[in-house]
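Me: Hi! I have a new structure open and would like a friendly walk through it. Could you help me find my way around?

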Amino acid sequence: MPVRKTLALAISSLSLLCMSTVGVAADAAPASGSPTSSATAPGATKPVIVQALEHEGVTSLQPFDTGVKGLQAFAGLAGQQPMAVYVLADGTAIVGTRIGADGKPLDIERVTQLIEKPLGDTIWSKLAAAHWVQDGKKDAPRIVYTFSDANCPYCNRFWETARPWVDSGKVQMRHVLVGVIKPDSVTKAAAILGAPNPSAALLQNERKFAQGGIKPARSVTETIAKKLQSNQMLMAELGFRGTPGIVYRNDKGIVERANGMPPSTALPTILGEK
C-alpha cells in the first residue's frame, strides 16, 4: 500500500489520537502572554508541542516548509501511521490535512517524501525479526516477505508463479506463516515451523498442495503457538486481512505492500525482472 494512500486513510483517526495529546500539552504550557510562554523552549531545536508528541511516542518528526509565515509543520509517524502536525504561532498544534483553496490536500507529497523511508525501515525491521521460513538462496539480491497460510490457494499460486525468480537465485522469499483459513491451518504451520528443516517442509507443502499439502502436526507446542500468534499480530498491524500479504522493496528501495495474489503486470515490480 503506497504511503500517500496510508496517509489519506489515517488522517481522521490520527487527528483524534493526537489532538488529545496536543490538548494536554497546551493546557500544561504557560498562558499566552506570560513572560515564559514560547512555541519553542529556549535552546530547543523543536517546538515544545512537538517534543511533547515525541514523548507520547510519535517518531521520525521532521520539519517541512508550508510556505506560510508563522506556520511550522512536521511530518512524523504514530506507530506505523503517517501524520502531519501544524504548529501555530501561539504554540498550540493541529494534526490533520491542510486543504488548499481548490479543496485539495496540500502536503501529502511532502509528508510522503519525508516519512516513507523511516516507515519502510520500521516495517522491514519488524519483518526481519518475525518467524519466517526461507525459500530461495540466502544471498539472493532481492527479498520478498509474504504472509502465508498452508491452506491458502492464492499463496500456493504466488509461490508457483515466483519459481523462475527464486530458482534463478534472484529472489529469496520469506514466508511468515499464519493459521487463519481452516481449522488445520495452525497444525500445518506447526508441522512446517517444527520440522528439522522448515524450508524443506514448506517446499513439501507447496509441491503437494493439490493433494492436501503437508501432514498436520499432532499438537502445537507453546513455543510455536507464540510464534504463530506473533506473526498474525504483525500481519494485522501491517493492514493485511487475508493471505497472501506481500511486502517488498521497489526499485527505489521504498517498502511497498500488496494484498492478495498480484496480477501478472505487477510481478516485475514485486519480484524484479526475470
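Me: Great. What kind of model is this?

Reply: This is a predicted model, where local features need pLDDT of at least 70 and side-chain atom pairs count only at pLDDT 80 or more, while totals for chains, interfaces and linings use all residues. Residues are numbered from 1 along each chain as its sequence is written, and side-chain values use heavy atoms, with hydrogens and water left out.

Me: Okay. What is the strand order in the open sheet of 4 strands?

Reply: The order is β1-β2-β3-β4, with antiparallel pairing. Strands are DSSP runs of E with at least two residues, helices are runs of H or I with at least four, and both are numbered from the N terminus. Two strands pair if DSSP finds at least two bridges between them.

Me: Which strands are at the edges?

Reply: β1 (58–64) and β4 (93–95), and each pairs on one side only. β4 is joined to β3 (residues 81–87) by 3 bridges, and Tyr86 has Ile94 in β4 as its bridge partner.

Me: Which helix lies across those strands?

Reply: Helix α2 (residues 48–55) lies across β1, β2 (72–78), β3 and β4, at about 155 degrees to β1. Contact here means heavy atoms within 4.5 Å. Angles run from 0 to 180 degrees between N-to-C directions, using lines fitted to C-alpha atoms, for helices over the stretch in contact.

Me: Now the 5-stranded sheet. What is its order?

Reply: That open sheet runs β5-β7-β6-β8-β9, and its pairing is mixed. Its edge strands are β5 (132–135) and β9, each pairing on one side only. From one strand to the next, the twist averages 20 degrees.

Me: Which way do β6 and β7 pair, parallel or antiparallel?

Reply: Parallel, over 8 bridges. Val144 has Met173 in β7 as its bridge partner. Helix α4 (residues 153–161) packs on this sheet, touching β5, β6, β7 and β8, and α8 packs on the sheet too, touching β6 and β7.

Me: And what does β8 pair with?

Reply: Strand β6 (residues 142–149) is joined to β8 by 4 antiparallel bridges, with Thr146 opposite Ile246. β8 also pairs with β9 (residues 255–259) in the antiparallel sense over 5 bridges. β8 and β9 form a hairpin with 5 residues between them, and Gly253 in the turn has a positive phi of about 85 degrees.

Me: Why is β8 described as largely enclosed?

Reply: Because 4 of the 5 residues of β8 (residues 245–249) are buried, the strand is largely enclosed by the rest of the structure. Buried means under 20% relative accessible area, with exposed over 50% and partly exposed in between (1.4 Å probe, protein chains only).

Me: Which residues touch the most other members of the largest nonpolar core?

Reply: Ile123, Leu127, Phe147, Leu238 and Val247, out of 24 residues. The largest share, 6 residues, comes from α3. Such a core is a set of buried Ala, Val, Leu, Ile, Met, Phe, Trp, Tyr and Cys residues joined through side-chain atoms within 4.5 Å. A second, separate core of 14 residues includes Ala150 and Ala189.

Me: Last one: how many disulfides are there?

Reply: A search of the whole structure finds 0, where a disulfide is a pair of cysteine sulfur atoms within 2.5 Å. Among the cysteines, Cys152 is buried at 2% relative accessible area, and Cys155 is buried at 5%.
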